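Welcome! Please take a moment to look over the sequence and the model, and then let us walk through them together.

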Amino acid sequence: MELNQLAAKEIDLFLFHQASKFVVEELGKKLKIPAEKIPFKAQEYGNTISSSLPLLLQNYLDEDNFSKILISGFGAGLSTATTVLKKIMTEITLDDIIQIAKNAKPDSEVDLDNLDSNKKTTFLLAQ
């Protein structure tokens with residue numbers, strides 16, 4: 001958030017890797033983030049490891065009240081990755097997100113004109 005000059009109150013939604021409900025709730029407590037901004041949905045599909053963030057994000061893409069979404073993944077050892085997605089429009093598919101993630105560079109606007117999808121949107125992938 002610091003790299004993006006954002007305070008926690010400016011983030012609409014915090015999506016953390018769905019390792020367990022305990023881990024997600026503890027992150028929220030330690031970071032002093034309201035529980036309603038940190039969903040836990042793994043009870044619907046389990047711990048899907050690296051695909052937990054795209055699955056979780058898909059639940060919120062069509063909702064207009066989320067324009068800044070922080071996503072954070074973590075795994076074995078000390079491996080972590082976090083970014084802020086700034087939503088410009090909402091018409092995007094999960095396949096589009098996967099294709100974007102494969103080619104995205106920090107602080108770059110993503111051109112979706114070459115995507116297979118007939119839906120157009122723009123995301124700015126923050127650092």
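Where is Lys 9 found? Lys 9 is in the segment before strand S1. Helices (H or I, at least four residues) and strands (E, at least two) are DSSP runs, numbered from the N terminus. With a relative accessibility of 73%, Lys 9 counts as exposed; buried means under 20% relative accessible area, exposed over 50%, and partly exposed in between (1.4 Å probe, protein chains only). The C-alpha atoms of Lys 9 and Ile 33 are separated by 8.2 Å, although the two residues are 24 apart along the chain.

This is a predicted model, in which local features need pLDDT of at least 70 and side-chain atom pairs count only at pLDDT 80 or more, while totals for chains, interfaces and linings use all residues. Residues are numbered from 1 along each chain as its sequence is written, and side-chain values use heavy atoms, with hydrogens and water left out.

**The overall layout**

The protein has four helices and five strands, and along the sequence they follow the pattern β-α-α-α-β-β-α-β-β. Of its 127 residues, 35% count as buried. Contact means heavy atoms within 4.5 Å; among contacts between residues at least 6 apart in sequence, 54% join residues at least 24 apart.

**Strands and their partners**

In S1 (13-16), Leu 13 and Leu 15 point one way and Phe 14 and Phe 16 the other way, and all are buried. In a regular strand the side chains alternate between the two faces of the sheet. Strands S1 and S2 run parallel and are joined by four bridges; two strands pair if DSSP finds at least two bridges between them. Leu 15 stands opposite Ile 71 in S2. S2 is also joined to strand S3 (residues 80-87), by seven bridges, and these two run antiparallel. Gly 73 has Ala 81 in S3 as its bridge partner. The hairpin of S2 and S3 has five residues between the strands, and there Gly 77 takes a positive phi near 70°.

Another positive phi, near 55°, belongs to Lys 32, a residue other than glycine. Most residues other than glycine have a negative phi. Lys 32 has its place in the loop between helix H1 and helix H2 (42-45), and it counts as exposed because its relative accessibility is 73%.

**The nonpolar cores**

A nonpolar core is a set of buried Ala, Val, Leu, Ile, Met, Phe, Trp, Tyr and Cys residues joined through side-chain atoms within 4.5 Å. The largest one has twelve residues, including Leu 13, Leu 15, Tyr 60, Phe 66, Ile 71 and Ile 97. S1, H3 and S2 (68-74) each supply at least two residues of this core, and the largest share, three residues, comes from H3. Apart from it lies another core, of eleven residues, among them Leu 6, Ile 11, Ile 33 and Leu 70.

Which side of helix H4 is buried? In H4 (residues 94-103), Asp 96, Ile 97 and Ile 100 are buried. Seen down the helix axis, these residues fall within an arc of 100°, so they line one face of H4; the arc is that of the directions from the helix axis to the C-beta atoms. They pack against helix H3 (52-58). The face turned away from the buried side carries the exposed residues Asp 95, Ala 101 and Lys 102.

**Two buried residues in a loop**

His 17 lies in the loop between S1 and H1, and Gln 18 is found in the loop between S1 and H1 (21-31). His 17 is buried, with a relative accessible area of 9%, and Gln 18 counts as buried at 0% relative accessibility. Leaving aside residues up to four places away in sequence, His 17 touches Ser 52, Leu 53 and Gly 73, among others.

The table gathers polar distances for this pair. A polar contact is a pair of N or O atoms within 3.5 Å; within protein, one must be able to donate a hydrogen and the other to accept it, and residues adjacent in sequence count only if both atoms are side-chain atoms.

| Side chain | Partner | Distance |
|---|---|---|
| His 17 | Ser 52 side chain | 2.7 Å |
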